[in-house]
Amino acid sequence: MTDHGFDAAVALLDIPDVRNFRDASCGRLRPGLLYRSAALSGLTAEGARRLRALGIRTVVDLRTHAELATAPDLHHDLGHRYLHVPLLPDRLDAENPWPSDQFAVYRLMAEVGGAAVAATVRALASGGGPVLVHCAVGKDRTGLTVAVLQHLGGLDLDEITADYLRSNPGLGLDAGPVPYLDEFGEQHLAHPAVADRLHTALDRIHQLHGSIEDYLAAHGVPRDELDRVRALLTA
């Protein structure tokens, strides 16, 4: 098994009351262009000041409509573009309820989340960077979306996986699952990030579309925009 080691202390950035915040432009990617985090529902004025100092121009919120209604992002006059593009349907959606099995959740993300991932790619391609991508805790939906962008920037699977796994210390999950209340007030366990779950979603994308590039093209991202994102991420 590959060792996805990293220095977690270097990875995390201090934005008050925003968990799991870090620069996802790691490895050979241009720093300061792509950030990831948990939701901004607890963002303080001081946290907003620090986000402003980072030059954040676009915030992409991947949460469901129900999550957003329960805990909307706070903005504090940041002046950024805000995109709400749910990557999954609501947890109890009649047609696509979230499975209890975590691997099945990741397969579902690959199957139904293409429009949200594509919208994030297009936001960056249109000059909307630096971009902050988040879901509820910045681990699963954010992990898949960021993995696609990192792939476009030329990172290999080991490098992408290493960044994905940084969510465990970022959320205190390195010691095991942590209980939390969902948007309906029901208790669940937040599970640690596991490399094979991310790989399951990426494998499903390849099964359905052949490649990540064809997956994005199928969801409306023209090839010239893919090239633009590659150039931005590696400038």
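User: Which residue's ring lies under the charged end of Arg197?
Analyst: This is a predicted model, where local features need pLDDT of at least 70, side-chain atom pairs count only at pLDDT 80 or more, and totals for chains, interfaces and linings use all residues. Residues are numbered from 1 along each chain as its sequence is written, and side-chain values use heavy atoms, with hydrogens and water left out. A charge sits over a ring if NZ of Lys or CZ of Arg is within 6 Å of the ring centre and within 35 degrees of the ring normal. The charged end of Arg197 is 5.6 Å from the centre of the ring of Phe103.

User: How many aromatic pairs are there?
Analyst: Rings of Phe, Tyr and Trp (its six-membered ring) pair if their centres lie within 6.5 Å; planes under 30 degrees apart count as stacked, over 60 as edge-to-face and the rest as tilted. By this rule the count is 2.

User: What is the angle between the planes of Tyr106 and Tyr164?
Analyst: Their centres are 6.5 Å apart. The pair is edge-to-face, with planes at 90 degrees.

User: Which parts does the pair of Tyr106 and Tyr164 tie together?
Analyst: Helices (H or I, at least four residues) and strands (E, at least two) are DSSP runs, numbered from the N terminus. The two residues are 58 apart in sequence, so the pair ties together helix 4 (residues 102-112) and helix 7 (residues 157-165).

User: Is Asn168 buried or exposed?
Analyst: Buried means under 20% relative accessible area, exposed over 50%, partly exposed in between (1.4 Å probe, protein chains only). Asn168 has 11% relative accessibility, so Asn168 is buried.
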